[in-house]
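The following paragraphs lead the reader through selected features of one protein model. Please keep the sequence and the structure in view while reading.

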Amino acid sequence: RDVEKIHEASLAVLERTGIEVMPSECREILRRAGATVDEPTNRVFIPRQMVMQALKLAPNEVTLCGRRPAHDITLGGTRVHLGTGGAAVKIIDLASQRVRETTLADVANIGRLVDALENIHFYLRACVARDIPSELLDTNTYYAAATNTTKHVTINCFSVQSVREVVEMASHIAGGRELLRERPIFSVTNCWTVSPLRYAPETVEVLTEVIRQDIPVFLSSAPQAGATSPAALAGTLVQINAEELSGVVYTQLVRPGAPIVLGYVPSVADLRTGNFVGGAAEFALMNAAAAQLGQFYNLPVYNSSGLTDSKIPDAQAGYEKGITGLASALAGANYIHHSAGFLESMLTVAYEQYVIDDDINGAVLRVVRGIE
């Protein structure tokens, strides 16, 4: 009944409150399909029937392939996969144990770690190469990741041109464009919303290009309860679900049957400071609830676990990662990113933390497997 309430409230938000979409191809696509546009406020109101039709078109499973078929993963149902994620800008240097900026070499080296660690199933680039010009970031990040792991690679693209360049590179690796389409060895995460209930114009253009290139995409939405969404956890779930459903509608209008994954990343803010809090029990609760919403729609889910607000690999990091990881996994989330390597509320990674988190992930997966 509670999931139904979240669903109904989300539909009401889309119909009555709407999504802010600036004048663009995206807005025209929504308008032509039957959404109502209020020009003075730039709000687009999406009727219930558009949402329900899009949910029928979206695939119930999405397969992500590794360069080695043994690493292929199929998202959907309650199958659980754990991996890396994020965009850390700092790393605890392995030799000096001092914090420094992340580099392209770190992207490559973390890829090597991921390749060797059994309970990390995919590599979503974990840090930003601060030594690379921004216009070269996407292609270099993908190359560094893809050449250091045979597991599936997920990246972020910041421009339409970089999407095309990465698709071309991945096609060469896969053996041709058709082979890449048959076996997608990379995917894209795209945070096309700016919570609450707004589309980011440039990011939507990237999303549109990814869909047209027939590359699997994660519709990432990341409101913070108490900051960019209601402090009430149920209210945040309504908002993020409305954002996600609007993304399903748009992507299925661009290309019916496009391989998408619901990208719930709800979090909470420390109301004393306004800071992001990754290790809170509320974070665990909402990400578990997000998995339930995905199962309600019978669509694959991308969400988070394994975060901590500790700055070093310590007891606090261990218990916060264990609590959040177990909650999402037992709820049956499919693609749980951030599950390895992170410290300091997503600002920092550490090489040794990946090894520790691989061990935590192994314990989590054992619990998920249950008693035979």
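Predicted model: local features only at pLDDT ≥ 70, side-chain atom pairs only at ≥ 80, totals over all residues.

A residue is called buried when its relative accessible area is under 20% and exposed when that area is over 50%, with partly exposed in between.

Most residues other than glycine have a negative phi, and most peptide bonds are trans. D214 has a positive phi of about 65°, although it is not a glycine. This residue is found in the loop between α8 and β12 (217–221). Is D214 buried or exposed? Its relative accessibility is 14%, which is under the 20% limit, and D214 therefore counts as buried. N42, likewise not a glycine, has a positive phi of about 60°. The loop between β2 (36–38) and β3 (43–45) holds N42, and because its relative accessibility is 15%, N42 counts as buried. A further backbone feature concerns the peptide bond from S195 to P196, which is cis, with omega near 5°. P196 lies in the loop between β11 (186–190) and α8 (201–212).

The aromatic side chains come next. A search of the whole structure finds seven aromatic pairs. One of them joins W192 and Y199 in an edge-to-face arrangement, with 6.0 Å from centre to centre and 65° between the planes. The edge-to-face class applies because planes over 60 degrees apart are counted in it. Both partners are buried: W192 has a relative accessible area of 0%, and Y199 has a relative accessibility of 4%.

Helix α5 (residues 137–146) is largely enclosed by the rest of the structure, because eight of its ten residues are buried. These buried residues are L137, D138, T139, T141, Y142, A144, A145 and A146. Which elements do the buried residues of α5 pack against? Their partners are the helices α4 (104–116) and α6 (160–174), together with the strands β9 (122–124), β10 (152–155) and β11.

Two helix pairs complete the description. Two packed helices are described by the angle between their axes and the distance between the axes. Helix α1 (residues 2–17) packs with helix α9 (residues 233–254) at an angle of about 60°, and their axes are 8 Å apart. The two helices are therefore oblique to each other. The crossing of α1 past α9 is right-handed. In this contact, α1 contributes I6, H7, A9, S10, L11, V13 and L14, while α9 contributes A234, L237, V238, N241, A242, L245 and S246. By class, the contact has ten nonpolar, four polar and no charged residues.

The second pair consists of helix α11 (residues 315–330) and helix α12 (residues 351–369), which pack at an angle of about 40°, with axes 10 Å apart. α11 and α12 are therefore oblique to each other, and their crossing is right-handed. On the α11 side, A317, G318, K321, G322, G325, L326, A329 and L330 take part; on the α12 side they meet Q353, D357, I360, V364, V367 and V368. Sorted by class, the contact of α11 with α12 has eight nonpolar, four polar and two charged residues.

Key. Residues numbered from 1 in each chain as written. Heavy atoms only, no water. Phe/Tyr/Trp six-rings, centres within 6.5 Å; stacked < 30°, edge-to-face > 60°. Buried < 20%, exposed > 50% of the residue type's maximum accessible area, 1.4 Å probe, protein only. Axes fitted to C-alpha atoms, helices over the stretch in contact; angles between N-to-C directions. Helix = DSSP H or I, 4+ residues; strand = E, 2+ residues; numbered from the N terminus. Parallel < 35°, antiparallel > 145°, perpendicular 65-115°, else oblique. Left-handed = near helix turned anticlockwise from the far one by under 90°. Contact = heavy atoms within 4.5 Å. Nonpolar A, V, L, I, M, F, W, Y, C, P; charged D, E, K, R; others polar.
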